[in-house]
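Colleague: I would like to learn how to read a fold from its model. Can you take me through it feature by feature?

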Amino acid sequence: MAETVNPARWHARLGELIAEYEVPGASLAFLHEGEVHEFAAGVLNVATGVEATTDSLFQIGSITKVWTTTQIMLLVERGELTLDTPVSRVLPEFRVADPEATATVTIRHLLSHTSGIDGDLFLDTGRGDDCVERYVAACAGLAQNHPVGVTQSYCNSGFVIAGRVVERLTGTVWDTALREQIIEPLGLTHTWTLPEDVLRFRAAMGHLDGAPAPAWGLMRSCGPAGLICARPADVVAFARAHLGTGLLADPRAMWEPQVDIPNPYTLGRQWGLGWVLDEWQGRRVLSHGGNTIGQGAMLWTVPEEETVACVLANGGHSAAFRQAVAAELFGELLGLTVPPAPGPPAEPFAADVERHAGVYERTGMRMTLTARDGGLLLRGEVTGGLAGLRPPMELDLIPVDGTTFVGRPEGDPQWQSVVFYELADGTPYMHMGVRATPRVA
């Protein structure tokens, strides 16, 4: 039997967890048995010492994608398009490098990360209201990471394109459409997208290696993919609206599986529309995470239990922190065991590591894997618009089986998983961080 929520214990426990995982500040809200509970601990910025409060705004990053999906689904319910409408029918000017992809990519492909469009184009197209329009024009040079519809690879670019679809059909900029379609109908007072609005509140600063990050946020053009700032209680209210008909006539349409995730150990087993789908001990779980420059976010929903939780953090070992919060919180509230991140096998596994060695590359990332001591050494270099924010990453990958490897950066308590696989045509890929990356050499 799950325990009744003890607010005093959770106030103290959140403080203990941020200390354990070197997180400067965090905020947590959860809905359980019809009541919303809110907690905060730490500071918003180590340089200023401003205290984190439950009303502080953090960057929710890619959780924004569930909001953008909801905007599209509202338009679908109004009959303005279908999930299988080609993007080019709504946006005749839409182009990517592959003419066939230009013609065949649909709204469903965008919302399920199956378009194959190389997804990590972080391009600053200015602060003007035309920034999303200009970003989509710049997608004309984007190559295919994989053929349309054959696998799943996380695609920020696709969600900016989806945001432009919203703009075209609503006749207004994405930020305004978001307010009119979702924020105002739900009465959310602490949800904003533009820095000039965010600065009217306490706002979290991201941290890298314990120090304030060199930049506060991403470029406005990436808004539909990840630019919402909010307090956790507002994010919980948004997810709660998906448990009934508070926004959509049929929110369950977003829960329908669209594609299996080749690496099921990072966020979940399948992608729906917007939502990541998983099961914990037979219970359906909808989730989405978010990472910006030194900030991390996570949203979980267990629909059958009408339980929702959102935790936001501004640095430290954020992924491990979020995992620890989930494990403790859902264990306490629902008696659920949250699947842990995979670690090395109890007994060493002898894998054919040479078959996976090589260079893997997509927009924004180049990874070189070399065989070493029965495992693989991964060297990852950020390229493109975010190059220079982080030094090259090196990771020793340990085989769990013939295709699954795990590794973790020095000092990080959280293991990361890598899965090697082939498309139907035999093309080799690696799947890491919910992204598919083809071997190019």
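**Reading the model**

Modeller: This is a predicted model. Start with burial in helix H11. Its buried residues are Pro232, Ala233, Asp234, Val235, Val236, Phe238 and Ala239. That is 7 of the 9 residues in H11, so the helix is mostly covered.

Colleague: Which aromatic ring pairs with Phe238, and how are the two arranged?

Modeller: First the total. The structure holds 10 aromatic pairs. In one of them, the rings of Trp67 and Phe238 have their centres 3.9 Å apart. Their planes meet at 5 degrees, so the pair is stacked. The cut-off for stacked is under 30 degrees.

Colleague: Which parts of the chain does that pair tie together?

Modeller: Trp67 lies in helix H2 (residues 64-77) and Phe238 in helix H11 (residues 232-240), so the pair ties together parts that are 171 residues apart in sequence. Trp67 counts as buried because its relative accessibility is 0%. Phe238 counts as buried too, also at 0%.

Colleague: What geometry do Tyr154 and Trp271 show?

Modeller: Tyr154 and Trp271 form a tilted aromatic pair. The distance is 5.8 Å centre to centre, with 45 degrees between the planes. This pair also links distant parts of the chain, 117 residues apart. Tyr154 sits in the loop between helix H6 (131-138) and H7. Trp271 is in strand E9 (residues 270-271). Both residues are buried. Elsewhere, ring pairs link Trp10, Phe30 and Phe39 into a cluster.

Colleague: How do I read helix H7 for length and burial?

Modeller: Compare its reach with the expected span. H7 (residues 156-170) has 15 residues. From first C-alpha to last it reaches 21 Å, close to the 21 Å expected at 1.5 Å a residue. H7 is mostly covered, with 12 of its 15 residues buried. Among them are Asn156, Phe159, Arg164 and Glu167. Just after H7, Gly171 takes a positive phi of about 75 degrees.

Colleague: Now the sheets. What is the general idea of strand pairing?

Modeller: Strands of a sheet pair through backbone hydrogen bonds, either parallel or antiparallel. Here, 8 strands form an open sheet in the order E2-E1-E13-E12-E11-E10-E9-E8. The pairing is antiparallel.

Colleague: Which strands are at the edges of that sheet?

Modeller: Strand E2 (35-42) and strand E8 (259-260) are the edge strands, and each pairs on one side only. E8 is joined to E9 by 2 bridges, and the two run antiparallel. Val259 stands opposite Trp271 in E9. Trp271 is also the partner of Tyr154 in the tilted ring pair.

Colleague: What should I look for in the hairpins?

Modeller: Look at the bridges, the facing residues and the turn. Take E14 (residues 358-362) and E15 (residues 365-372). They pair in the antiparallel sense over 5 bridges. Glu361 stands opposite Arg366 in E15. This hairpin has 2 residues between the strands, and Gly364 takes a positive phi near 95 degrees.

Colleague: Which strand pairs with E15 over 8 bridges?

Modeller: Strand E16 (residues 375-382), again antiparallel. Thr368 has Arg379 in E16 as its bridge partner. E15 and E16 form a hairpin with 2 residues between them. In that turn, Asp373 has a positive phi of about 50 degrees.

Colleague: How does strand E20 pair with E19 and E21?

Modeller: 5 bridges join E19 (residues 416-422) to E20, and they run antiparallel. Val418 stands opposite Met432 in E20. Their hairpin has 5 residues between the strands, and Gly426 in the turn has a positive phi of about 90 degrees. E20 and E21 (residues 435-438) pair in the antiparallel sense over 4 bridges. Met430 stands opposite Thr437 in E21. Here the hairpin has 2 residues between the strands, with Gly433 at a positive phi near 60 degrees. E20 (residues 428-432) is mostly covered, with 4 of its 5 residues buried.

Colleague: Last, pockets. How is empty space found?

Modeller: Rolling a probe the size of a water molecule over the atoms shows where empty space is left. The second largest pocket here holds about 180 Å³ of space. Of the 17 residues that line it, the closest to its centre are Gly217, Leu218, Met219, Arg220 and Leu227.

Colleague: What classes of residue make up the lining of the second largest pocket?

Modeller: The lining has 8 nonpolar, 6 polar and 3 charged residues.

Terms used:
Residues are numbered from 1 along each chain as its sequence is written. This is a predicted model: local features need pLDDT of at least 70, side-chain atom pairs count only at pLDDT 80 or more; totals for chains, interfaces and linings use all residues. Side-chain values use heavy atoms; hydrogens and water are left out. The expected span of a helix is 1.5 Å times one less than its number of residues. Buried means under 20% relative accessible area, exposed over 50%, partly exposed in between (1.4 Å probe, protein chains only). On a 1 Å grid over the protein atoms alone, a cavity is a set of points where a 1.4 Å probe fits but cannot get out, and a pocket is an open set with protein on both sides within 12 Å along at least five of seven lines; lining residues have an atom within 4 Å of a point. Grid points are joined across faces, edges and corners, and a volume is the space filled by probe spheres set on the points. Ala, Val, Leu, Ile, Met, Phe, Trp, Tyr, Cys and Pro count as nonpolar, Asp, Glu, Lys and Arg as charged, and the others, Gly among them, as polar. Two strands pair if DSSP finds at least two bridges between them. Rings of Phe, Tyr and Trp (its six-membered ring) pair if their centres lie within 6.5 Å; planes under 30 degrees apart count as stacked, over 60 as edge-to-face and the rest as tilted.
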